[in-house]
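Let's take a walk through this protein, starting with a sheet and then stepping back to the whole chain. Keep the 3D view open as you read.

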Amino acid sequence: MTKINSILEELKSLTLLEAAELVKGIEETFDVDASSSTPSGMVVMQDAGGSMGSNESDEKTEFDLLLEEVPAPKKIAILKVVRSLTGLGLKEAKDLVESAPKVLKESISKEDAEDMKSKLEEAGAKVAIK
């Protein structure tokens, strides 16, 4: 078995949460943005400032939803909301909730972020939009 086939077999065994963490680690290690790809599927390298060529005066249009705190008595209710918002399985959602503070959703619109934040706060979570 070649080195690449071995890596592919390892990747197949990852959970969604582990795969997301792998992508984040690759992005940080190699200074790439996996969400910014060309039509051919190639990953685009960021410039030194990490701005991808946008002006600093542009209004922010993409936001990250950060799950900051999960009070123990509210954990199950929050877990249900996290599952409905992310589509994660029970184990992945539980791992995510237990690892707070953690980014729940990345690069979403302000409206979506506000909607998700209100649902999580209704369940008892402490949430921030970054």
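**A sheet, a helix and the whole chain**

Start with the open sheet: it has 3 strands in the order β4-β3-β5, and the pairing is antiparallel. The edges belong to β4 (102-108) and β5 (126-129); each has a single partner strand, so one side of each is left without a neighbour in the sheet. On average, neighbouring strands here are turned by 20° against each other, direction ignored. Keep in mind that you're looking at a predicted model.

Now zoom in on one of the pairings. Strand β3, residues 63-69, runs antiparallel to β5, and 4 bridges link the two.

Next, hop over to helix α4, which covers residues 90-98 and includes Leu 90. Which residues does Leu 90 touch, once its neighbours within four places in sequence are set aside? Those contacts are Leu 79 and Arg 83. Lys 80 is 10 residues away from Leu 90 along the chain, and their C-alpha atoms are 8.7 Å apart.

Time to zoom out. The protein chain holds 5 helices and 5 strands, and reading from the N terminus they go α-α-β-β-β-α-α-β-α-β. Take the contacts with a separation of 6 or more: 59% of them join residues 24 or more positions apart.

As for the surface, 21% of the 130 residues are buried. The chain's accessible surface is about 9000 Å², and carbon and sulfur atoms contribute 54% of that.

Definitions and conventions:
Residues are numbered from 1 along each chain as its sequence is written. This is a predicted model: local features need pLDDT of at least 70, side-chain atom pairs count only at pLDDT 80 or more; totals for chains, interfaces and linings use all residues. Side-chain values use heavy atoms; hydrogens and water are left out. Two strands pair if DSSP finds at least two bridges between them. Axes are lines fitted to C-alpha atoms, for helices over the stretch in contact, and angles run from 0 to 180 degrees between N-to-C directions. Contact means heavy atoms within 4.5 Å. Buried means under 20% relative accessible area, exposed over 50%, partly exposed in between (1.4 Å probe, protein chains only). Accessible areas come from the Shrake-Rupley method with a 1.4 Å probe; for residues, only the protein chains shown count as cover.
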